[in-house]
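Subject: Structure handover and notes

Hello,

Here is the structure I said I would pass on. Please open it alongside this message.

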Amino acid sequence: MRTEAPDPVDARIGARLAELRAGQGWSLGELADRSGVSRSTLSRAERAEISATASLLNRLCHVYGRTMSQLLSEVEAAPAPVVRAADQQVWRDPAAGFVRRSVSPPHGGLRGELVEGRLTPGADIAYDRPPVPGLEQHLWVLDGTLEVTVEEASHTLGTGDCLRMRVFGPTRFRCPGPGAARYALAVVRP
């Protein structure tokens, strides 16, 4: 349990997760059954006693029918048409070796968003399902090597390569090294 004040982003994410659950009228147990995440982990994330991991947020986004960027944008102030580099929200999952920058966050009336991802050498992130089935993604590797598995198909991508996909099942992003991987991900809701 944290003894210091929670990170402000973690606190806003936790509060939004609690709002979403309450809006559905679900208990922690019901959400645990729907998401496959333990009640204690859900409770600790809602109270910002832990930082939610990418995997945890992905499971919850699937249950709530939104992308991770949508969830993260819901904890920000109203989006502006121009997002300055200094104002782009950065979210870190240090345990997984993952940094996510919301370059062009979701905006009312628009279906697309642009994300920058960075994985440290050896980072391996698996998602058991997309947050929204049929999500269209275009992944462009800016630096390094990235191994991406979409359902049963594996792809090794190098600098400049682009993978286009519609996501209905599990995905996995792995940085084999030796250096970090940096990529741009264009996400289009169905």
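The notes below go through the core, the aromatic pairs, a helix, a loop, the salt bridges and the cysteines. Please keep in mind that this is a predicted model.

Core

The largest nonpolar core is made up of 46 residues. Leu119, Leu139 and Leu146 have the most contacts inside this core. Helix 4, residues 54-64, is the element that gives the most to the core, with 7 residues. As background, nonpolar side chains tend to be buried together in soluble globular proteins.

Aromatic pairs

There are 4 aromatic pairs in the structure. One of them joins Tyr127 and Phe173 in an edge-to-face arrangement, with 6.1 Å centre to centre and 75° between the planes. Tyr127 belongs to strand 4 (residues 124-127) and Phe173 to strand 9 (residues 171-174), so this pair ties together parts that are 46 residues apart in sequence. Tyr127 is buried at a relative accessible area of 12%, and Phe173 is buried at 7%.

Phe173 also pairs with Tyr183, and here the rings are stacked: the centres are 6.2 Å apart and the angle between the planes is 15°. Because Phe173 lies in strand 9 and Tyr183 in strand 10 (residues 181-188), this pair ties together parts that are 10 residues apart in sequence. Tyr183 is buried too, with 5% relative accessibility. Tyr127, Phe173 and Tyr183 form one aromatic cluster.

Helix 3

Which residues of helix 3 are buried? In this helix, which spans residues 39-46, they are Leu42, Ser43, Ala45 and Glu46. Viewed down the helix axis, the buried residues fall within an arc of 165°, so they line one face of helix 3. The cover over them includes helix 1 (8-24), helix 2 (28-35) and helix 4. After helix 3 comes Ala48, which has a positive phi, near 60°.

The loop at Arg111

Arg111 sits in the loop between strand 2 (98-104) and strand 3 (112-119). Not counting residues up to four places away in sequence, Arg111 touches Val187, Val188, Arg189 and Pro190. Arg111 and Pro190 are 79 residues apart along the chain, yet their C-alpha atoms are separated by 7.7 Å.

Salt bridges

The count of salt bridges is 12. One of them links Arg21 and Glu46, whose closest N and O atoms are 2.8 Å apart. Arg21 is in helix 1 and Glu46 in helix 3, so the bridge ties together parts that are 25 residues apart in sequence. Both of these residues, Arg21 and Glu46, are buried.

Arg44 and Glu49 form another salt bridge, at 3.8 Å from N to O. Arg44 is partly exposed, with 31% relative accessibility, whereas Glu49 is buried at 15%.

A salt bridge also joins Arg174 and Glu147, with 3.3 Å between the closest N and O atoms. Since Arg174 is in strand 9 and Glu147 in strand 6 (residues 146-150), the pair ties together parts that are 27 residues apart in sequence. Arg174 is partly exposed at 25% relative accessible area, and Glu147 is partly exposed at 26%.

Cysteines

How many disulfides does a search of the whole structure find? The search finds 0. A disulfide is a covalent bond between the sulfur atoms of two cysteines. For Cys162, the closest cysteine sulfur is that of Cys175, 18 Å away, which is too far for a bond; the cut-off is 2.5 Å. In accessibility, Cys162 is partly exposed at 48%, while Cys175 is buried at 0%.

Regards

Notes:
Residues are numbered from 1 along each chain as its sequence is written. This is a predicted model: local features need pLDDT of at least 70, side-chain atom pairs count only at pLDDT 80 or more; totals for chains, interfaces and linings use all residues. Side-chain values use heavy atoms; hydrogens and water are left out. A nonpolar core is a set of buried Ala, Val, Leu, Ile, Met, Phe, Trp, Tyr and Cys residues joined through side-chain atoms within 4.5 Å. Buried means under 20% relative accessible area, exposed over 50%, partly exposed in between (1.4 Å probe, protein chains only). Helices (H or I, at least four residues) and strands (E, at least two) are DSSP runs, numbered from the N terminus. Rings of Phe, Tyr and Trp (its six-membered ring) pair if their centres lie within 6.5 Å; planes under 30 degrees apart count as stacked, over 60 as edge-to-face and the rest as tilted. The arc is that of the directions from the helix axis to the C-beta atoms. Contact means heavy atoms within 4.5 Å. A salt bridge is a side-chain nitrogen of Lys or Arg within 4 Å of a carboxyl oxygen of Asp or Glu.
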